[in-house]
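Hello,

Here is the structure I promised to pass on. Please have a look at it, and then read my notes below.

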Amino acid sequence: TKLILLDSLLQEIEMVRVDRLSTFLLLACLRLSASSDLRIEIEEVEKVPMGETGIVQVRLDSQGDTDTEEIEISLVIEENSTSVFTLLNSSLTFNQEDIRLYRTKSFLVQGVLLGIHHVQFVHKSEVLHTQEIAVVMNNSVLNSIFMLVMTVMIIVNTTNMGAQLDVHMIKEVFKKPVGPIVGFLAQFVFMPGISFLVGYLFTDDMLFRLGLFVLGCCPGGNGSNFWTLLLEGDINLSITMTFVSTVAALGMMPLWMYLMGPVLTDGSLVIPFGQLIISLLGLILPITLGMWIRWKWSKAANIMEKVIVPFTLSTVIFIFTAGVYINLFIFKLMTPLMVAAGFVVAFSGYVFGAGLAWLFRLPMSQITAVSVETSFQNGGIAFVLLKMSFPEPLGELASVAPVAQLMLTGLPLWVLFAILKIYKRCCKNKKTYSAVAPENTR
């Protein structure tokens, strides 16, 4: 009898424990469902200019009854190495009347640096909603004026370049097409490949990868002709390569972007191929216009030949003064690895172009032209394409890569130019000494 009583007592205790556990689980589920029933609704979020304050309107909707008078929603910025914006509110509080009447609450966002980041809405350790907020340039009018002026200057300069193209000279160069073929392989096979590889190895920033790759797919610029002339390279080959690469870019750039763009961006960024082709056409047509002017009015072409060098220098000065002032934020976005990536791509272009030309037994003047033309790409085209093809602030963020590379591309050439000048002066002094020495001995 005692054993039977003890057994029944144990069963009752077990039933009580089960009931308590069930009650506990039920309460936990109710709490979870109460939290899950909350839904955050955001009105359309405007892009926040740097240095200014933006307002974000928020509503809280509850699908069930809540047992609290007030509900506090914490605002948390996702972890990031770069502070894109700061929150001037740490939380939002909604009471039952706010929820019932569907009232909006607002929080303030202070734009710090150009970019895109996310705010999380958290209630009782549960993330109810994640909102993307973009910070853009604070002076869009000044930026638009700069882009307009720079685009016009690039178009005028490209027209000037077209006016310097002599069809007979191009035919002469193509009678021995080894130089242009070597240049084409270096510009549109090696440079896109090394830009892709370096971007993929050096950084996880998708937009930097994309910007570096776009520059790697760009044709040579007028700067390459200028440096080829200074370094005593084959200027006819340099100009011909610039022309060929500019025309070829109309097909090669979209092709490379189609093949490798989704890989670079992990498919999370849509590349606007239509806008890209339109932008390229807008920059390639001026070359044809310049050639037509040379054919139709030789006097006008002669005038354009006289102004192309000072106008090119004016364009470069404009970009490196007004452009740097307006886009000063770009330097804040750069990291040492980004700068290193730009230098590696530029230096690799010089070495590979010279090496490939040497393997094909080209003379030194043509080796110089191919090397400079391979590495010295048209950064203006990359900058304009990125800014015109992508919305704010994606275009500006992708432009960091061309700037990081272009500000280092000329450094090896300045060193080489200084060495060439010192060598020439030493040789000249040596010859002068050799000529004077016999007279002194007499």
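Predicted model: local features only at pLDDT ≥ 70, side-chain atom pairs only at ≥ 80, totals over all residues.

Cys217 is buried, because its relative accessibility is 0% (buried means under 20% relative accessible area, exposed over 50%, partly exposed in between, with a 1.4 Å probe and protein chains only). Cys218 counts as buried too, at a relative accessible area of 1%. The cysteine sulfur closest to that of Cys217 belongs to Cys218, and at 7.4 Å it is too far for a bond. With a disulfide taken as a pair of cysteine sulfur atoms within 2.5 Å, the count comes to 0 disulfides.

Residues are numbered from 1 along each chain as its sequence is written, and side-chain values use heavy atoms, with hydrogens and water left out.

Now the packing. Helices are DSSP runs (H or I, at least four residues), numbered from the N terminus. Helix α5 (residues 178-202) packs on helix α8 (residues 235-264) at an angle of about 35°, and their axes lie 9 Å apart. Axes here are lines fitted to C-alpha atoms over the stretch in contact, and angles run from 0 to 180 degrees between N-to-C directions. Among the residues making the contact are Phe184, Phe188 and Phe196 of α5, and Met241, Met252 and Trp256 of α8; contact means heavy atoms within 4.5 Å. This contact has 16 nonpolar, 4 polar and no charged residues (Ala, Val, Leu, Ile, Met, Phe, Trp, Tyr, Cys and Pro count as nonpolar, Asp, Glu, Lys and Arg as charged, and the others, Gly among them, as polar).

Also in α8 is Thr240, which is buried at 0% relative accessibility. Leaving aside residues up to four places away in sequence, Thr240 touches Met169, Ile170, Val173 and Phe174.

The other pair is helix α6 (residues 206-216) with helix α14 (residues 379-389), at about 135° and with axes 9 Å apart. α6 is therefore oblique to α14 (under 35 degrees is roughly parallel, over 145 roughly antiparallel, 65 to 115 roughly perpendicular, and the rest oblique). Here α6 contributes Gly211, Val214 and Leu215, which meet Gly379, Ala382 and Leu386 of α14. By class, that contact holds 4 nonpolar, 2 polar and no charged residues.

Best wishes

Methods:
Helix = DSSP H or I, 4+ residues; strand = E, 2+ residues; numbered from the N terminus.
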